[in-house]
Amino acid sequence: MIKLPSKVISLLIFSSISSSFWAIYKVVFNLFLGDIGYTNQFIGQVTSVEMLGSAILGIIIGILGDKIGKKKMLLISSMGFGILILIRSIFPYKFILLFLGFISGGVMSSRTLLLNSYIIDITDHSIRGTAFGYNFAIFMGSGVLGNFVGGYMGEYFGLKATLYITGICYAVSPIFLRKISESTGDKNISFKKVFDFSEYNKDERYIIKFYLLRTIAVAFGAGLFVNFGSVIYRDLFDMSPSLIGISLSIAQFGAAVGSALSPILSKRFGPFKYTFILNSLVIPLIIGLGFIRIPLLFIVLYALRFTFMNMTTPVETSSVLSSLPKSRITSINSLKNAANFLTRSLAATIFGVVSMLPQGYTYLFLISSVFYAIALFFMHKLFIPLKKSGILNKLYKNNS
């Protein structure tokens with residue numbers, strides 16, 4: 001067992017607290033919109049606008065993170081997101097939901113990219129793979145608690161009251177960052193430098209290219225259904241909020257356990273083989289979701305797909321970010337974030353239209369499986385320079 005330094009542990013505590021309340025928000029907010037009369041099409045539009053904000057504002061926040069410090073930006077984004085939850089819950093009018101959804105999406109998405117970059121700053125190769133694995137496991141594990149608690153809170157205290165509690169707690173969560181030192185900023189970073197790929201060598205440009213292409217393929221495939229898990233369970237099986245929370249928690253629990261084990265499994269089987277096999281298994285599982293309408297079996301397949309896909313994320317993220325210039329990590333990650341959410345924004349709009357059709361969910365899952373297959377091809381290309389450079393061995397060397 002690798003012992004992590006106190007600064008990493010403090011960051012993981014903040015991650016667990018904020019992740020829990022984010023998960024509560026995620027499972028409750030769409031149900032809240034549906035409960036007050038909004039259609040799936042409008043819910044899809046709201047999610048689309050949020051992801052558009054994630055893409056555009058995410059780049060700005062990422063560059064500011066490199067420029068003035070990641071801790072400052074984590075503080076600003078966390079407090080901002082909590083306040084926006086409160087405003088959108090108190091005044092759930094169409095214009096406010098859409099306008100503030102754009103801002104909300106930007107500050108919501110920035111937490112993950114800032115955290116990932118901060119871990120690179122405060123770790124070396126000997127503990128980085130483990131730190132990424134634990135952070136993602138905590139993110140998923142907190143989601144178990146968030147989904148479970150959020151479902152029950154929404155059912156027994158009311159959806160709006162649950163959102164009030166979530167907004168307040170999320171806004172004060174940065175208190176757990178107070179003992180962590182600020183990262184060193186780069187005042188010379190600018191939008192021009194971020195998009196000037198001539199500053200990177202050939203292998204770095206290759207990695208960035210396929211990292212972004214894979215992100216786009218996965219984002220479109222996932223964007224067709226992942227953000228609408230609570231809506232899908234309600235539409236297909238007429239589940240109550242508490243049962244929806246339990247169903248989503250099962251998936252989160254599997255991903256949490258898998259992520260915690262990812263450093264061990266990567267060392268045991270090799271990071272590439274481990275990642276490639278699990279990503280391959282995701283494709284038939286998604287196809288199965290398009291046709292199976294037995295609630296228990298659907299929940300199992302949904303959980304396995306979610307688990308296999310997400311338990312490989314720490315390996316891929318740590319390997320890619322460790323292969324790129326450290327001073328540009330947050331900015332590069334913000335480009336990936338932008339590609340992810342721009343694509344998910346488009347997919348969310350398509351969800352709102354296609355889900356209303358007869359057999360709409362079957363079409364959505366089948367289209368999604370095609371894009372996951374494309375993403376698997378891009379992943380194979382991405383790992384070529386990672387294997388060649390030896391970074392995989394440095395991060396996941398088997399010392400047994």
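Let's start with how α4 passes α14: the crossing is right-handed, where right-handed means that the near helix is turned clockwise from the far one by less than a right angle, and left-handed that it is turned anticlockwise. Before I go on, a word on the model: it is predicted, so local features need pLDDT of at least 70 and side-chain atom pairs count only at pLDDT 80 or more, while totals for chains, interfaces and linings use all residues. Residues are numbered from 1 along each chain as its sequence is written, and side-chain values use heavy atoms, with hydrogens and water left out.

Back to our pair. Helix α4 covers residues 94-122 and helix α14 covers residues 329-354; their axes come within 9 Å and cross at roughly 150°. Helices here are DSSP runs of H or I with at least four residues, strands are runs of E with at least two, and both are numbered from the N terminus. The axes are lines fitted to C-alpha atoms, for helices over the stretch in contact, and angles run from 0 to 180 degrees between N-to-C directions.

Which residues of α4 and α14 meet? From α4 we have S109, L113, L114, N116, S117 and I120, and from α14 I329, T330, N333, S334, N337 and F341. Contact means heavy atoms within 4.5 Å. By class, this contact has five nonpolar, seven polar and no charged residues. Nonpolar here covers Ala, Val, Leu, Ile, Met, Phe, Trp, Tyr, Cys and Pro; Asp, Glu, Lys and Arg are charged, and the others, Gly among them, are polar.

Next, please turn to α10 (residues 241-269) and α11 (residues 271-289), which pack at about 125° with their axes 7 Å apart. The two helices are therefore oblique to each other; under 35 degrees counts as roughly parallel, over 145 as roughly antiparallel, 65 to 115 as roughly perpendicular, and the rest as oblique. On the α10 side, G258, S262, L265, S266 and F269 take part, meeting P271, K273 and Y274 of α11. These residues divide into four nonpolar, three polar and one charged.

Staying in α11, let's look at T275. Is T275 buried or exposed? T275 is buried, with a relative accessible area of 0%; buried means under 20%, exposed over 50%, and partly exposed in between, using a 1.4 Å probe and protein chains only. Its side chain reaches the backbone oxygen of P271 at 2.7 Å. That is a polar contact: a pair of N or O atoms within 3.5 Å where, within protein, one must be able to donate a hydrogen and the other to accept it, and residues adjacent in sequence count only if both atoms are side-chain atoms. Not counting residues up to four places away in sequence, T275 touches T312, V315, M379 and F383. V315 belongs to α13, where it is among the buried residues; eight of the nine residues in that helix (313-321) are buried.

S355 counts as buried at 10% relative accessibility, and its side chain reaches the backbone oxygen of F351 at 2.7 Å. Q359 lies in that loop between α14 and α15 too, but counts as exposed at 58%. Its phi is near 60°, a positive value in a residue other than glycine. Most residues other than glycine have a negative phi. D238, in the loop between α9 (229-237) and α10, also has a positive phi, of about 50°, and counts as exposed at 67%.
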